[in-house]
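Please read it alongside the sequence and the structure shown here.

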Amino acid sequence: MSQAIFAAIEAGGTKWLVSVGSSPETAAQTRIPTEYPEVTMGAAVDFIAEQIKQQGAIQAIGIGSFGPIGINPNDSDYGVIGKTPKPHWTGADLLSTFSQFNVPLKIESDVNAAALAEAKSLLPQDNGRLIYITVGTGIGAGVVDNGQVSNGVHHPEMGHIRLPHHPDDNYAGHCPIHGACLEGLACGPSIIDRWGKDLSALGSTHRSHDIIGYYLGSFAANLLLTYAPNYIVLGGGVSLTDGLLNRVRHSAFEQLGGYLGRFHHVDELSTVIQSPSLDTLSGISGAYLLAEQALQAASV
C-alpha cells in the first residue's frame with residue numbers, strides 16, 4: 001500500500017517552508033520569503049499544485065503558522081491571522097487560500113506544531129508535558145500535554161508576557177504593540193536594533209549575551225514554576241548562538257533560587273532545557289503531524 005501524500009507548511013514570519021510528500025525527510029520542498037500575503041501564499045499554492053502534478057493527489061494539508069491565528073475550527077476566524085506586528089498580514093486568510101485543494105486541512109500556531117513534533121520525539125509514550133519556544137523574528141511558545149496540543153480559547157501568546165528589565169538594559173522594546181514585552185526585549189530584531197548585529201555576530205563576551213540569556217532564563221523559570229514541564233525545548237535562529245543555551249539554564253537556575261526541589265544543581269537543568277531533538281525539522285515535522293490528524297479526523 002502506498003504512503004499517503006501530504007502538503008505541510010511551516011509559515012514563519014521571515015520565510016515559509018512548503019513541503020509535499022510522505023515525510024519531511026524525503027519530501028519535495030521550497031522556501032518562500034514572507035512578503036505580501038498574496039505573493040507568499042500564491043507561491044505556496046503554485047508549488048503544491050505543481051507537486052500534485054508530479055507526485056499525485058494529496059490527502060490532507062497541515063499548517064503551522066505565525067500568529068496570532070485562529071485555531072478553533074468552529075470560530076469564524078479559523079485560519080485567519082489576527083493583529084500581528086508583521087506588516088500587511090493582519091487578516092490574511094490561510095483557510096480560504098488552501099481550502100481550494102478540497103482535502104482535509106488543519107491549522108495551528110507554528111510553535112504548537114513544533115511542540116507536537118518534539119513531544120512525539122522526546123515523549124514517545126505520550127506521557128508528560130513539553131513546551132517548545134522559538135526565538136527568532138518573534139518569540140512564541142507552544143504546549144503539548146500527553147500527546148495533545150494544549151490551547152485555551154486561543155493558542156498561547158507567551159512571547160508577549162512582561163518581565164523585569166535586566167539591570168544593565170534600559171531598552172524601550174521592539175514590539176510595536178507592547179514595547180518591552182519578552183518578544184520586544186529578546187527577539188532577533190530587538191538585538192539588531194540595540195547592538196547593530198545578530199547575537200551570533202557579537203563576541204561571546206559582549207554584554208548582549210548575558211542580557212538575552214537573562215530574559216530567556218527568566219521565561220524558562222516562569223514556565224518551570226507554572227507548567228512544571230518535562231522538557232523546555234529552545235528553538236529558532238537566535239537560540240543557535242553558541243553558549244546561549246547554557247546562559248539560559250544558569251539564569252533560570254539562579255532565578256528559581258533553589259525553590260524547586262527537582263533542581264539541586266544547574267547541571268540538572270541540562271536534561272530539561274534543551275535544543276530541539278529534531279534539529280531544524282521540528283516545525284515542518286509538526287505540520288506533517290497536523291496533516292495526519294486532519295486526515296484521521298475526516299475518516300471518523
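## Sheets, helices and local features

Five strands make up an open sheet in the order β3-β2-β1-β4-β5, and their pairing is mixed. Strands β3 and β5 (105-109) are the edges, each having a single partner strand, so one side of each is left without a neighbour in the sheet. On average, neighbouring strands of this sheet are turned by 15° against each other, direction ignored. The model is a predicted one, in which local features need pLDDT of at least 70 and side-chain atom pairs count only at pLDDT 80 or more, whereas totals for chains, interfaces and linings use all residues. Residues are numbered from 1 along each chain as its sequence is written, and side-chain values use heavy atoms, with hydrogens and water left out.

Helices (H or I, at least four residues) and strands (E, at least two) are DSSP runs numbered from the N terminus, and two strands pair if DSSP finds at least two bridges between them. Strands of a sheet pair through backbone hydrogen bonds, either parallel or antiparallel. Within this sheet, strand β2 (residues 15-21) is joined to strand β3 (residues 28-33) by six bridges, the two running antiparallel, and W16 stands opposite I32 in β3. These two strands, β2 and β3, form a hairpin with six residues between them. Strand β1 (residues 6-11), by contrast, pairs with β4 in the parallel sense over six bridges, and the bridge partner of F6 is A60 in β4. Helix α8 packs on the sheet and touches β1, β2, β4 and β5, its direction making about 135° with that of β1; contact here means heavy atoms within 4.5 Å. Helix α3 lies across β1, β4 and β5 and runs at about 100° to β5.

A further open sheet has five strands in the order β8-β7-β6-β9-β10, again with mixed pairing. Its edges are β8 (148-149) and β10 (273-274), each with a single partner strand, so one side of each is left without a neighbour in the sheet. Strand β7 (residues 139-145) and β8 run antiparallel and are joined by two bridges, with V149 in β8 as the bridge partner of V144. Helix α3 (residues 110-122) packs on this sheet as well, touching β6 (129-135), β7, β8, β9 (231-235) and β10, and its direction makes about 45° with that of β7.

The helix pairs are compared below, with axes being lines fitted to C-alpha atoms, for helices over the stretch in contact, and angles running from 0 to 180 degrees between N-to-C directions.

| Helix pair | Angle | Axes |
|---|---|---|
| α6 (207-226) and α7 (244-256) | about 55° | 7 Å apart |
| α3 and α8 (282-299) | about 90° | 7 Å apart |
| α5 (188-195) and α6 | roughly 145° | within 12 Å |

The contact between α3 and α8 is made by residues including A113, L116 and E118 of α3 and S282, L289 and Q293 of α8. By class, this contact of α3 with α8 has seven nonpolar, five polar and two charged residues, where Ala, Val, Leu, Ile, Met, Phe, Trp, Tyr, Cys and Pro count as nonpolar, Asp, Glu, Lys and Arg as charged, and the others, Gly among them, as polar. The contact of α5 with α6 involves I191, R194 and W195 of α5 together with R207, S208, I211, I212 and Y215 of α6.

The structure holds three salt bridges, each defined as a side-chain nitrogen of Lys or Arg within 4 Å of a carboxyl oxygen of Asp or Glu. One of them is formed by R129 and D145, whose closest N and O atoms are 2.4 Å apart. As R129 lies in strand β6 and D145 in strand β7, the pair ties together parts that are 16 residues apart in sequence.

Most residues other than glycine have a negative phi, and most peptide bonds are trans. A cis peptide bond, with omega about 10°, joins G67 and P68, and P68 lies in the loop between β4 (60-65) and α2 (94-98). A228 has a positive phi near 50° and lies in the loop between α6 and β9, while D279 has a positive phi near 60° and lies in the loop between β10 and α8.
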